[in-house]
Amino acid sequence: MPLQFIICLIAGALIAPSLAPFNIPYLALIPPAILYLSSYKKNNKQSALLGWSFGLGFFGSGVSWVFVSISEHSQTPLPIAIGLTTLFVAALSLLFSMQLYLWKKLFSAKFLSASFIGLWLLFEWLRSWLFTGFPWLYLGNASLDTPYQNTLSLGGVWLASAAILITALAIAELLRSRKLLPLLIAPLPLIGSYLLPLQWTTPNEKTLTVAIVQPNIAQAVKWDANYREDIFTKYETLTRDHLDAQLVLWPETAIPSLFRYAATPLAELLNDLDTKDTTLISGLPSAIPDKNHPKGYLIHNSLAVLTSGSGIYHKQRLVPFGEYVPMENYIRGLFDFFNLPMSSFSLPKAQQPLLTVGQVKLSAAICYEIAYPELVRDASKHADIILTVSNDTWFGRSIAPAQHLQIARVRAVENGRWVIRGTNNGITALIDAEGGIVDQLPQFQAAVLRGAAYGMEGETPFQRYGSLPVLLLALGLTVLSMGKRKNQDNAKRYPNFR
């Protein structure tokens, strides 16, 4: 058992190299296969323990960047930063422990491979909304730049996960049983994916010339009022040469204050942009009156049209501890990590409208909202282009920015839309409707990305039906297995029953 614990730990850790920035996608077949084989003959409790060890490797390698945000940007002492990161990973790993426990508790040995796939998909979906959701490290993200990618527009990232799981479990069953059927099944998802059309949407001739400003402002000074004027000056300097673009984009909370503090120092630039009929969209905190709130207003993490138009979007998925503090009355003040600047954002109360630049309609996603498949799907149905901004400065030189960009590429394919991605220090990029990176800026440099994004029309099957078909598939696999177990139990209880 100790050896298998270590094997599962290592297997889980292979999720990281299968994704960006390492991009060895077919490694994603190995983790589920090893977990399945290691747990196949184990009882409920042993399987739960192996699931937890797998989760430690899975999340410990894949979201190791959480440590960077805790230790480098909040002056949290190193032992506490290590402890908080370990606690976060260990808590997430309980999901795999529960998944494996239920798998061995509820399902017949005859259908363990089918139920394993069904439960994996259900737990990936669960992670998209449980406790506000943590939709990271989906197997389907590894489908980019492989034939599996074609499943993204058909059924979203979860269908891509299903295709990878079917191949992985067929290989595992081939190794376990040495039978012919798994050998025949293993290549089918890859062949079927290859035959699917990649593009379901078409250009609608709404081209948008863009200038995406990447200012590379250090997180340590971003919210310091003493640096506010220097920050505004830097944005103005980077923007001045691009007044001929239709859209100038500044990243998440580019304006590190309420707009009233920026209106005067930015007045000349804003006037020149208006004169040129150039739309400036910027991230910023916004205060919305609310008589029910003790302060009389709510603060939102917003994305606003500041020139040549109107419109504002408020972030709908807030990062725990980074943008709001759960159980704030009890834990704020315990460590500096719980007192990060702008960690008191609120959720909006109304549905968010599309932003517009001339005749072009833009759906918006702020920071890790782009990781929520259903949220982006709902927002982009009637949009020409997807717009996303972020401040990945929180994650330093870790693997998080590359993972974040990869996730944005997945959303582009799922929805058949171009994605305009603006960040503070990288990775700023233009992504086409097939998930290809048209152009990008290097990280940790102040620069402006110039290019064009193309509006698309029509719906992908995923946009139309969402995750429902894959959820029905997952439920079907699990219900089928549970039904067979019940029949076997009845046969044992009533041996004369026919």
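R178 counts as exposed, because its relative accessibility is 65%, above the 50% cut-off. This residue of the predicted model sits in the loop between α8 and α9 (180-185). R178 is not a glycine, yet its phi is positive, at about 60°.

**Backbone details**

- Most residues other than glycine have a negative phi, and most peptide bonds are trans.
- T253 is another residue other than glycine with a positive phi, near 45°.
- T253 lies in the loop between β2 (247-249) and α13 (259-262).
- With a relative accessibility of 5%, T253 counts as buried, because the cut-off for buried is under 20%.
- A20 and P21 are joined by a cis peptide bond, with omega at about 5°.
- P21 is placed in the loop between α2 (15-18) and α3 (30-39).
- A cis peptide bond also joins G426 and I427, and here omega is about 15°.
- The loop that holds I427 runs between β9 (419-423) and β10 (429-431).

**The whole chain**

- The protein chain has 19 helices and 12 strands.
- Its radius of gyration is 24 Å, close to the 23 Å that the globule rule gives for 498 residues, so the chain is as compact as a globular protein of that length.
- Taken along the principal axes, the box filled by the C-alpha atoms of the protein chain is roughly 90 × 55 × 40 Å.
- Of the 498 residues, 56% count as buried.
- Among contacts in the protein chain with a separation of 6 or more, 72% are between residues 24 or more positions apart.

**Nonpolar cores**

- In soluble globular proteins, nonpolar side chains tend to be buried together.
- The largest nonpolar core in this model has 112 residues, and the members that touch the most other members are I281, L362 and I420.
- Helix α8 (residues 150-177) gives the most to this core, namely 12 residues.
- Another core, of 23 residues, lies apart from it and includes A211, L238, L269 and L280.
- Leaving out residues up to four places away in sequence, L362 touches L208, L247, I281, L354, L355, V357, A383, I385 and L387.

**Helices α4 and α6**

- Two packed helices are described by the angle between their axes and the distance between the axes.
- For helix α4 (residues 44-62) and helix α6 (residues 78-106), the axes come within 7 Å and cross at roughly 145°.
- This crossing of α4 and α6 is right-handed.
- By class, 13 nonpolar, 7 polar and 3 charged residues make up the contact of α4 with α6.
- On the α4 side the contact residues include W52, F54, F58 and F59, and on the α6 side they include L92, F96, L100 and Y101.
- Glycines of α4 also take part, among them G51, G55 and G60, while K104 and K105 are among the α6 residues they and their neighbours in the list meet as a group.

- P215 lies in the loop between β1 (202-214) and α11 (219-222).
- P215 counts as buried, because its relative accessibility is 0%.
- Apart from neighbours within four places in sequence, P215 is in contact with K234, Y235, L238, P251, T423, N424 and A446.
- P215 and K42 are 173 residues apart along the chain, and their C-alpha atoms are separated by 54 Å.
- T167 is part of helix α8.
- T167 also counts as buried, because its relative accessibility is 6%.
- Not counting residues up to four places away in sequence, T167 touches L29, Y148, A186 and P189.
- Q316 is found in the loop between β5 (312-314) and α15 (328-331).
- Q316 counts as partly exposed, because its relative accessibility is 24%.
- With residues up to four places away left out, the contacts of Q316 are L347, P348, Q352, E369 and L375.
- Q316 and H300 are 16 residues apart in sequence, and the distance between them is 9.2 Å, C-alpha to C-alpha.

Conventions
Residues numbered from 1 in each chain as written. Predicted model: local features only at pLDDT ≥ 70, side-chain atom pairs only at ≥ 80, totals over all residues. Heavy atoms only, no water. Axes fitted to C-alpha atoms, helices over the stretch in contact; angles between N-to-C directions. Helix = DSSP H or I, 4+ residues; strand = E, 2+ residues; numbered from the N terminus. Left-handed = near helix turned anticlockwise from the far one by under 90°. Contact = heavy atoms within 4.5 Å. Nonpolar A, V, L, I, M, F, W, Y, C, P; charged D, E, K, R; others polar. Core = buried A, V, L, I, M, F, W, Y, C linked by side-chain atoms within 4.5 Å. Buried < 20%, exposed > 50% of the residue type's maximum accessible area, 1.4 Å probe, protein only. Rg over C-alpha atoms; globule rule 2.2 N^0.38 Å.
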